[in-house]
Structure formats: C-alpha cells, structure tokens
Amino acid sequence: MNALDYHSFAEAWESHATIRTRPRRLVEDDQRLIYPLSRQPLVLSETFVRECPQQRDFALAQSLYKFINDVVIFETEIVDRTARRIAKDRFAIRFPFACRYDAMTVVVDEDYHALVAMDFMQQTIALTGIEPIALPREIELSRAIPAALALAPEHLRDALELICVGIAENTLTDDVAAFARDDTVKPSVKGLMADHLLDEGRHSSFWARLVRIYWHSAPEADRQCIAEILPVFLAQYLTNDIQKGFDFALTDHLPISEAARQTLRQEVTAMAYPIDHRHPLLGNILRLFRASSMLDSPCVQQALAHYLPEPRR
Ligand SMILES: [Fe+2]
Ligand SMILES: [Fe+2]
C-alpha cells in the first residue's frame with residue numbers, strides 16, 4: 001500500500017463516532033456489578049472468597065478506577081501525543097492530508113474517551129461513596145515505549161513510536177470487548193465500553209494502514225533495526241508489574257489478617273500470564289503485524305519467534 005492509496009474514513013467518523021452520536025451514560029443504582037469479575041480475578045481467589053467476600057464491591061470499584069485511570073493515561077499521554085504530531089505534520093514520516101485529517105479524528109476520539117472515563121469515575125464515587133486508593137501514575141506503555149525508543153537511532157524513533165502505538169491501539173480492542181459480553185455488569189458500564197469499542201475498531205485499522213504505508217517504504221536496514229527492538233518493547237508492554245503493584249496495594253486496604261494478606265498476594269502473583277505466545281494479548285498484537293504486512297518480513301518473523309504460536313516456529 002502506497003500513501004496515495006489511502007482513503008479517509010472521515011464520513012464514517014461523521015456518522016459513527018461516539019462523540020457525534022452517543023448520549024451521556026448514567027451509572028445505574030442497581031444490584032449489578034460495576035466491573036466484571038473476570039477482569040479482577042483477585043476477588044475470585046480462594047482466600048478473598050473465604051476471608052472478605054463482603055469486600056467484593058469495594059475491590060471491583062477500585063479495579064474500575066484503575067481501568068479508568070489507565071484509559072486516561074493511554075488516551076491523553078500515549079495515543080493523543082502520536083496522533084497529534086501526525087495530524088500536525090510534525091512527524092518524521094510524512095503522510096498525506098487524508099491521513100492527517102483522520103489522525104485528528106483519533107485525537108478528538110481519544111480525548112473524548114478520557115473525558116467520558118473521568119465522568120464515569122465521578123459518577124461511581126458519588127454513587128458508591130468509595131474513594132479511589134492511590135492510582136498508578138503510569139501504564140506499561142509509559143515505560144515500554146521510551147525503553148524501545150532509547151534503543152533506536154534518531155531517524156527511526158518516530159517510525160518505532162508509530163509501530164508501538166499501532167500495537168497498543170490493536171490490543172485495547174479485545175480488552176474492552178471482554179466487558180460487553182458480561183451480563184452481570186451494569187448496562188451503563190457495558191454501554192460505556194461498547195461506545196469505546198466502536199471508535200477503537202476504526203482506530204485499529206487506521207494505525208495498521210499507517211504502519212503498512214511506512215513499512216512498504218522502509219529500507220531493509222531500517223526494518224531490521226526496528227525488528228530487533230520489538231522484543232524489548234513487547235516484554236515491557238506485557239509485564240504485569242504495575243497491575244501486581246496495584247493488586248498488592250488493594251490487599252493493604254482489605255480488613256484481613258496479615259497471614260491471609262500474604263496468601264492473597266501469592267495467589268495474585270500466580271495469576272500472571274507468561275510473557276510469550278500464551279499471553280492473551282498476543283492474538284491482537286499479531287493481528288497488527290499481519291495487517292500491516294510487517295510479519296511478511298523475515299527479520300520480523302525471526303525477532304518475534306518467541307511470541308509466535310508453536311506451529312509457526
Ligand atoms: Fe480510545
Ligand atoms: Fe484509539
């Protein structure tokens with residue numbers, strides 16, 4: 001794909017973007033859950049269920065707050081930054097106006113997602129009376145992207161940033177979809193997630209197309225250099241250090257014995273996914289590598305061998 005073959009999705013944005021089409025979501029005062037149990041396995045653990053089942057809604061509210069906090073950081077500090085530079089043509093890779101216009105719709109969408117998330121946080125605090133515990137200042141990408149960029153020569157930094165954001169914008173999709181299928185969760189929370197998902201469908205293909213345009217124009221030496229850095233990015237992106245730190249902090253706020261707290265922490269630690277092809281986000285990550293045609297390059301196949309499903313090794 002050549003940059004000149006790029007077709008803008010501006011019309012789809014006008015008719016479908018949630019900022020153009022969705023009313024404000026109001027959180028319901030009902031018995032349903034504020035956050036899916038499947039997204040906070042801590043509350044399903046043996047020790048939690050035995051020691052403090054009455055803390056379930058507290059733990060779920062805190063997990064929703066962390067999710068919202070992560071969304072705000074991701075949208076405003078990661079995606080907004082890259083999309084805005086593309087939109088304003090302040091990016092090392094030059095894109096035609098149609099791409100830049102679409103990048104500006106991504107900026108608008110992401111900042112709107114952050115606003116909606118903040119609205120929901122306020123509504124939930126008002127409804128439940130549960131104040132958030134200290135929330136992380138960073139997400140995994142706040143570390144993984146700078147770590148990758150530090151390894152890249154100056155002239156490849158923007159290209160690598162584009163690929164990292166492209167990967168991240170393809171993984172959020174499944175993350176958010178997990179909510180939409182859960183009937184034990186409040187409809188407003190599901191609606192909020194469904195709205196976000198609708199916009200992210202557009203974004204994931206936008207980033208894949210931009211990465212594809214870049215990759216087709218990149219010299220082999222540059223491709224090779226980028227491919228070698230990808231495993232460093234993925235290893236940091238997929239770590240659960242921040243989630244684990246948050247879960248540990250959450251256990252500090254539970255009225256349980258010190259011995260139970262230690263057991264709970266061991267259970268949390270054991271829940272971490274392995275950082276290889278078995279990690280649940282890998283399917284989406286590989287989708288970006290396929291859609292952008294990056295995975296057709298032998299250097300990328302080689303660099304990602306550790307992350308490819310068994311038969312492809
Ligand atoms: Fe978003
Ligand atoms: Fe997005």
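Donors are N, O and S atoms within 2.8 Å of the metal (3.2 Å for Na, K and Ca); water is not among the atoms, so sites may look incomplete. The views below come from a predicted model, in which local features need pLDDT of at least 70, side-chain atom pairs count only at pLDDT 80 or more, and totals for chains, interfaces and linings use all residues. Residues are numbered from 1 along each chain as its sequence is written, chains are lettered from A and ligands numbered from 1 in the order in which they are written, and side-chain values use heavy atoms, with hydrogens and water left out.

**View 1. The iron ion (ligand 1) and its protein donors.** Along the chain, the donors follow the spacing E-x34-E-x2-H-x82-H-x3-E. They are Glu75 (OE), Glu110 (OE), His113 (ND1), His196 (NE2) and Glu200 (OE). Their distances from the ion are 2.0 to 2.3 Å. Glutamate 75 sits in helix α4 (residues 56-87) and histidine 196 in helix α8, so this pair links parts of the chain 121 residues apart (helices, H or I, at least four residues, and strands, E, at least two, are DSSP runs numbered from the N terminus). Both glutamate 75 and histidine 196 are buried (buried means under 20% relative accessible area, exposed over 50%, partly exposed in between, with a 1.4 Å probe and protein chains only).

View 2. Glutamate 110 lies in helix α5 (residues 97-128) and histidine 203 in helix α8 (residues 187-217), so the pair ties together parts 93 residues apart in sequence. Glutamate 110 has 0% relative accessibility and counts as buried. Histidine 203 is also buried, at 0%.

**View 3. Helices α5 and α8.** They pack at an angle of about 155°, with axes 11 Å apart (axes are lines fitted to C-alpha atoms, for helices over the stretch in contact, and angles run from 0 to 180 degrees between N-to-C directions). That makes α5 roughly antiparallel to α8 (under 35 degrees counts as roughly parallel, over 145 as roughly antiparallel, 65 to 115 as roughly perpendicular and the rest as oblique).

**View 4. Isoleucine 86 in helix α4.** At 1% relative accessibility, isoleucine 86 counts as buried. Isoleucine 86 touches Phe91, Phe95, Arg100, Ala103, Leu162, Trp207 and Leu210, not counting residues up to four places away in sequence (contact means heavy atoms within 4.5 Å). Isoleucine 86 and histidine 253 are 43 Å apart in space, C-alpha to C-alpha.

**View 5. Aspartate 89 and serine 293, with positive phi.** Aspartate 89 has phi near 60°. The residue lies in the loop between α4 and α5 and is partly exposed, at 25%. Serine 293 has phi near 75°. Serine 293 is in the loop between α12 (282-291) and α13 (298-303) and is buried, at 7%.
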